[in-house]
Amino acid sequence: MTNRFFLLLVSCVVTLSPLKAQTENKTQFTLQPSVDFVSRYMWRGSPLSGAGLQPVITGEMHWGGKHTLGLQLVGFTDFQFTLKEFDYNIYYGYQLSEADKLSITLFDYWSVPEPTTGYFNYNKDSTLHKLELFADYAHAFDANSSLHLKWATFIYGKDKTMGPGGQPSGEQAFSSYFEIKYKGLAARHYNWEVLAGISPFKSAYTYYNNSFAVVNVGLHVERTFDLGADILLIPSVTATVNPLMEQAYLAFGLSFCL
């Protein structure tokens, strides 16, 4: 079932082209599909999986020159097309000023269990979903550089504190993550970003042990090539260090945006 679901998602990505519609009151709708090929699936300083494919479909509505409402569907599979994860997020963005923007996002993460059970199970004690609230403040210094401050907290689902013997206690842990990121543009049109992320207290990022830890320090570099016919090719490389785990990783990616 998960394989069929993933193939359906991929077929939607590769057959959809960017769609835009604008009404008389300046409301604009966009639909943007993409497919990423990654050598390693990294998330906030932790390796979650090996090489695989990540299809993404993003739909947005823009209005008033300041407001954005979006829905994004994200899958992840290995090269045997076995679905490993399916997420969606709903977000709202508001342009505070010409240089400043604030976005609030609700994420729903779902890693496919073995054997596959109950996607629609949202019972607080048995669900495999993780719901997260995410806030992102961005300040643009100019057209090519910006500073981002991010805070994310799991508010529901499979994120429980640890009790005696290292077993989940049943109490919500509210695992949180704070990140500061700087984005820039180097010579020859290379986009780059450098970031640092911390877990401010005991959380899933520290295996519910350390009260404070730096868990993610990274450098990401990419370049965009326009292939024509509204198709973009974006190769990238990401270097990640997790000081808490004393581990370092190097990952490569190749994105096709339609």
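Me: Which residues are linked in a network of salt bridges?

Reply: Lys-150, Glu-179, Lys-181 and Glu-193 are linked in that network. A word on the source: this is a predicted model, where local features need pLDDT of at least 70, side-chain atom pairs count only at pLDDT 80 or more, and totals for chains, interfaces and linings use all residues. Residues are numbered from 1 along each chain as its sequence is written, and side-chain values use heavy atoms, with hydrogens and water left out.

Me: Why is the contact of Glu-179 and Lys-150 called a salt bridge?

Reply: The rule asks for a side-chain nitrogen of Lys or Arg within 4 Å of a carboxyl oxygen of Asp or Glu. The N to O distance for Glu-179 and Lys-150 is 3.9 Å, so the pair meets the rule. Glu-179 sits in strand β13 (residues 176-185) and Lys-150 in strand β10, 29 residues apart. Strands here are DSSP runs (E, at least two residues), and helices are runs of H or I of at least four, numbered from the N terminus.

Me: What makes Glu-179 and Lys-150 buried or exposed?

Reply: Buried means under 20% relative accessible area, exposed means over 50%, and partly exposed is in between (1.4 Å probe, protein chains only). Glu-179 has 7%, so Glu-179 is buried. Lys-150 has 16%, so Lys-150 counts as buried too.

Me: What does the pair of Glu-193 and Lys-181 tie together?

Reply: Their side chains meet in a salt bridge at 3.4 Å, N to O. Glu-193 lies in strand β14 (residues 190-199) and Lys-181 in β13, so the pair ties together parts that are twelve residues apart in sequence. Both residues are buried.

Me: How many salt bridges does the rule give?

Reply: Six. One of them joins Asp-78 and Lys-84, at 3.9 Å from N to O. Asp-78 has 15% relative accessibility, so Asp-78 counts as buried. Lys-84 has 34%, so Lys-84 is partly exposed.

Me: Why is Gln-80 called exposed?

Reply: Its relative accessible area is 58%, so Gln-80 is exposed. Gln-80 is in the loop between β6 and β7. The C-alpha atoms of Gln-80 and Gly-52 are separated by 8.8 Å, though the two residues are 28 apart along the chain.

Me: How do you know that β2 and β5 pair?

Reply: Two strands pair if DSSP finds at least two bridges between them. Strand β2 (residues 28-38) and strand β5 (residues 52-63) have eleven, in the antiparallel sense, so they pair. Leu-31 has Gly-59 in β5 as its bridge partner.

Me: What joins β17 to β18?

Reply: Eleven bridges join strand β17 (residues 231-242) to β18, in the antiparallel sense. Val-237 has Phe-252 in β18 as its bridge partner. Four residues lie between the strands of this hairpin, and Glu-246 in the turn has a positive phi of about 55°.

Me: What makes the nonpolar patch a patch?

Reply: Patch residues have over 30% relative accessible area and no salt bridge; like charges are joined within 9 Å, and nonpolar side chains (Val, Leu, Ile, Met, Phe, Trp, Tyr) within 5 Å. Leu-96, Leu-102, Ile-104, Leu-106, Leu-133, Ile-155 and Phe-174 form this one, with about 550 Å² of accessible area together. Areas come from the Shrake-Rupley method with a 1.4 Å probe; for residues, only the protein chains shown count as cover. Strand β8 (residues 100-110) gives the largest share, three residues. Leu-106 is in β8. Leu-106 has 33% relative accessibility, so Leu-106 counts as partly exposed.
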